[in-house]
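Look over the chain below from one end to the other. The paragraphs after it go through its surface, its helices and its cores in turn.

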Amino acid sequence: MNKAFTRETDAVDDDGDGDAGLPPLPAGSKNYMTPQGYARLRAELLHLIDDERPKVVEVVHWAAGNGDRSENGDYLYGKKRLREIDRRIRFLTKRLEVAEITDPALHHGHDQVFFGATVTYAEESGQERTVTILGIDEADSAQGQVSWISPIARALLKAREGDVVKLVTPAGAQEIEVLKVRYPGPDAH
């Protein structure tokens with residue numbers, strides 16, 4: 001069979017979500033997101049649609065005119081990159097469509113843990129940690145941010161300063177004490 005008519009299978013996922021690194025949304029739940037996280041994802045989507053995709057399409061079009069496509073690196077790489085871009089566009093579009101924008105600044109001054117809170121807690125060992133509870137698509141553990149569906153966030157949500165809550169981990173259950181709850185100020189945008 002001619003190579004031009006065979007389907008390339010380079011790890012295209014069945015549902016077309018595009019980002020295997022991010023967890024799927026829990027069934028029936030909303031995709032909570034801060035206004036800043038929503039703006040960041042929307043900016044990425046617009047960049048892909050308006051800038052990156054047209055440039056790659058232009059390269060593929062140019063490469064296609066150069067003859068034999070089976071050994072044309074620009075063409076093959078360009079087509080692969082186009083599939084990656086399209087997959088990411090589909091993923092971002094789906095995530096933004098179901099986004100529930102929640103502004104953490106609305107809770108400024110409260111001592112109860114809700115979405116967007118920065119929480120300092122003490123483990124049983126006495127070690128203190130600080131995490132910020134954000135959306136699935138915007139949390140970065142390297143920055144001390146956790147997703148609202150993570151075990152630590154689920155344990156902390158609805159707790160107040162001074163509360164002791166149970167955190168269940170693969171290593172076993174432990175009690176943690178909520179020491180401080182902060183939210184960004186209303187002018188932090």
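**Surface and overall layout**

About 11600 Å² of the protein chain is accessible surface, and carbon and sulfur atoms account for 51% of that area. Accessible areas come from the Shrake-Rupley method with a 1.4 Å probe, and for residues only the protein chains shown count as cover. This is a predicted model, in which local features need pLDDT of at least 70 and side-chain atom pairs count only at pLDDT 80 or more, while totals for chains, interfaces and linings use all residues. Residues are numbered from 1 along each chain as its sequence is written, and side-chain values use heavy atoms, with hydrogens and water left out.

The average pLDDT (the predictor's confidence in each residue, from 0 to 100) is 85 for the protein chain, and 83% of the residues score at least 70. Residues 1–18 stay under 50, and the model has 18 contacts for them beyond four places in sequence; a contact means heavy atoms within 4.5 Å. Where pLDDT is low, the predicted coordinates should not be read in detail.

The protein chain has three helices and seven strands. Helices (H or I, at least four residues) and strands (E, at least two) are DSSP runs, numbered from the N terminus. Along the sequence they come in the order β-α-α-β-β-β-β-α-β-β. Of contacts between residues at least 6 apart in sequence, 61% join residues at least 24 apart. Of the 189 residues, 33% are buried, where buried means under 20% relative accessible area, exposed over 50%, and partly exposed in between (1.4 Å probe, protein chains only).

Helix α1 covers residues 35–64. Its 30 residues should span 44 Å at 1.5 Å a residue, and this agrees with the 42 Å between its end C-alpha atoms; the expected span is 1.5 Å times one less than the number of residues. At L48, α1 bends by about 40°, the bend being the angle between axes fitted to the seven residues ending there and the seven starting there.

Which residues of α1 are buried? They are G37, L41, L45, L48, V56, V60, A63 and A64, and their cover includes β1 (31–33) and α2 (73–97). V59, also in α1, counts as partly exposed because its relative accessibility is 38%. Its C-alpha atom lies 9.8 Å from that of Y77, 18 residues away along the chain.

Helix α2 has 25 residues and reaches 36 Å from first C-alpha to last, close to the expected 36 Å. Its buried residues are Y75, G78, L82, I85, R87, R88, I89, F91, L92, R95 and L96, and they pack against β1, α1 and β2 (99–101). R95, in α2, counts as buried because its relative accessibility is 5%. R95 and L41 are 54 residues apart in sequence, with 8.9 Å between their C-alpha atoms.

**The two cores**

In soluble globular proteins, nonpolar side chains tend to be buried together. A nonpolar core is here a set of buried Ala, Val, Leu, Ile, Met, Phe, Trp, Tyr and Cys residues joined through side-chain atoms within 4.5 Å. The largest one has 21 residues, and V113, V119, I133, I152, L156 and I176 have the most contacts inside it. Two or more residues come from each of β3 (118–122), β4 (128–134), α3 (151–156), β6 (164–169) and β7 (172–182). The most, four residues, come from α3. Beyond four places in sequence, I176 touches Y121, A122, E123, I152, L156, D163, V164, V165 and L167. A second, separate core has 16 residues, including L48, Y75, L92 and A99.

S147 is in strand β5 (residues 145–147) and counts as buried because its relative accessibility is 13%. Apart from residues up to four places away in sequence, S147 touches L134, G135, I136, A139 and A153.

K158 is in the loop between α3 and β6. Its phi is positive, about 80°, although K158 is not a glycine. With a relative accessible area of 58%, K158 is exposed.

K166 is in strand β6, and at a relative accessible area of 59% K166 is exposed. Leaving aside neighbours within four places in sequence, K166 is in contact with A155, A173 and Q174. The C-alpha atoms of K166 and R154 are 10.0 Å apart, with the two residues twelve apart along the chain.
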